[in-house]
Amino acid sequence: MQAVLVARAAFSDIVDRLRAHFEVDDNPEDRVLSKAELIARLQGKAGIFATGSERIDAEVLAACPQLRAVCNMAVGYNNIDVAACHARGIVVTNTPDVLTETTADFGFALMMAAARRIAESEHSLRRGEWTKWSFDQFTGPDVHGATLGILGMGRIGQAIARRGALGFGMPVIYHNRSRLEPAIEQALGARYVDKPTLLREADHLVLVVPYSAASHHTIGAAELAQMKPTATLTNIARGGVVDDAALAEALKQGRIAAAGLDVFEGEPKVHPGLLAVPNVVLTPHIASASIATRRAMASLAVDNLIASLGCGPNAGRPPTPVPG
Ligand code: 8YV
């Protein structure tokens, strides 16, 4: 029987489906595995159910020659050296689609929380600072009718565009590696613009681009300087897409109004400059964390692992492989 590693303790009823096909090391103590521990635990394993946090790089692959499948419970796969996996004939899978709407909900919520100062005002209330109503207390920019800017117009970007255009009457502008089909643009009411225009015109800018060397620090000091001082920035993409130090400084100086961040460079550590400013809403990478969606992601990762290792009804045809 082939053996697999479930890198973090996931829903036991879903992980149990693996036991029909494999010997399962399900990391019951739910330890976050260091690279050395990951390599040690992967010895003799044909596959891994990864969570997006484990770095599966050339060093890990070289040390784990029996590995045949790397199945991420995440739509992003920047934790995996896909080219190195494919060069060794290792199948890589991710979990697209099942998290799109939930993640878009959260991105929108984070944008609204930043604009309407929900976390900042709640913290103030808890500190006992609400002594009287005042006309300008915690005022912020409107969301409805404001221009929604989206950087990265994949599935999640489009789901955010739909929310903004249809629910909140927002003109939508976007920038993406490739332009959408005119029919899709029309259905979303979204206008393609270049990046400088996006930065200049967005009232609320939401980042949904995958992380890669090319998207590293896509938003840094120079880009923040081009944004409106009344604008908000929301990052539900990946830490590293934004230069967190530059953003902390821009928020401190009031160069933009506010930010909503679910992802951070070096998470779970958060840049101290971000922790020190009030005009940012910080959440611990939970954009996909609805109960139903996390279960759907785990289930798809399990289906991928079973099929990638030649078992089950879809043997050899995992539902959502990462293309080469
Ligand atoms: C996950 C994510 O929660 O899907 C992704 O790319 O960032 C999140 O939905 C995280 O990667 C852990 O699986």
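These are my notebook entries on a predicted model, taken topic by topic.

**Entry 1: domains**

I began with the division of the chain. Domain 1 covers 3–97 + 291–308, and domain 2 covers 100–282. I looked up the distance between their C-alpha centres and got 31 Å. The contact between them draws five residues from domain 1 and seven residues from domain 2. On the side of domain 1 that touches domain 2, I found one nonpolar, three polar and one charged residues.

I then turned to the UniProt record. An unreviewed entry there places "domain: D-isomer specific 2-hydroxyacid dehydrogenase catalytic" at residues 8–309. In the model, the end C-alpha atoms of residues 8–309 are 20 Å apart, and the span is 38% helix and 13% strand. UniProt, again in an unreviewed entry, also lists "domain: D-isomer specific 2-hydroxyacid dehydrogenase NAD-binding" at residues 108–287. For residues 108–287, the end C-alpha atoms lie 10 Å apart, with 36% helix and 14% strand in the span.

**Entry 2: strands β1, β2 and β3**

I checked what β1 (residues 3–6) pairs with. β1 and β2 run parallel and are joined over three bridges. Within this pairing, Val-4 has Val-24 of β2 as its bridge partner. β1 also pairs with β3 (residues 47–50), in the parallel sense and over three bridges. Here the bridge partner of Leu-5 is Ile-48 in β3.

**Entry 3: Phe-22**

I looked up Phe-22, which sits in the loop between α1 (12–15) and β2 (23–25). Is Phe-22 buried or exposed? Phe-22 counts as buried because it has 21 C-beta neighbours inside 10 Å, and the cut-off for buried is 20 or more. Leaving aside neighbours within four places in sequence, I found Phe-22 in contact with Met-1, Gln-2, Ala-3 and Val-4. Val-4 is also the residue bridged to Val-24. As a distance check I took Arg-155, 133 residues away along the chain from Phe-22; the two C-alpha atoms are separated by 33 Å.

Asp-30 belongs to the loop between β2 and α2 (35–42). Its phi is positive, about 50°, although Asp-30 is not a glycine. I counted Asp-30 as exposed because it has 10 C-beta neighbours inside 10 Å, and exposed takes 12 or fewer.

Asp-57 is placed in the loop between β3 and α3 (58–63). With 14 other C-beta atoms within 10 Å, Asp-57 is partly exposed. I also took the distance from Asp-57 to Glu-29: they are 28 residues apart in sequence and 24 Å apart in space, C-alpha to C-alpha.

**Entry 4: backbone checks**

Most residues other than glycine have a negative phi, and most peptide bonds are trans. I therefore noted the exceptions to this general rule as I came to them.

One of them is Phe-138, with a positive phi near 50°. Phe-138 lies in the loop between α6 (118–126) and β6 (148–151). Its 13 C-beta neighbours inside 10 Å make Phe-138 partly exposed.

Which way does the peptide bond from Glu-267 to Pro-268 go, cis or trans? The bond is cis, with omega near 15°. Pro-268 is in the loop between β11 (258–261) and α12 (272–275).

**Entry 5: helix α11**

I listed the buried residues of α11 (residues 244–252): Asp-244, Ala-246, Leu-247, Ala-248, Ala-250 and Leu-251. What do the buried residues of α11 pack against? I found α10 (221–226), β11, α12 and β12 (280–282). β11 and α12 are also the elements on either side of the loop that holds Pro-268. After α11 comes Gly-254, with a positive phi near 70°.

**Entry 6: the ligand shell**

Last, I looked up which residues are around the ligand. They are Thr-51, Gly-52, Met-73, Ala-74, Val-75, Gly-76, Leu-99, His-285 and Ser-288. By class, this shell has four nonpolar, five polar and no charged residues.

Terms used:
Residues are numbered from 1 along each chain as its sequence is written. This is a predicted model: local features need pLDDT of at least 70, side-chain atom pairs count only at pLDDT 80 or more; totals for chains, interfaces and linings use all residues. Helices (H or I, at least four residues) and strands (E, at least two) are DSSP runs, numbered from the N terminus. Two residues are in contact if their C-beta atoms, placed from the backbone, lie within 7 Å. A residue is near a molecule or strand if its C-beta atom, placed from the backbone, lies within 6 Å of it. Ala, Val, Leu, Ile, Met, Phe, Trp, Tyr, Cys and Pro count as nonpolar, Asp, Glu, Lys and Arg as charged, and the others, Gly among them, as polar. UniProt positions are given in the numbering used here, feature names are shortened, and annotations may be inferred rather than shown by experiment. Two strands pair if DSSP finds at least two bridges between them. Domain bounds come from an automatic or database domain assignment.
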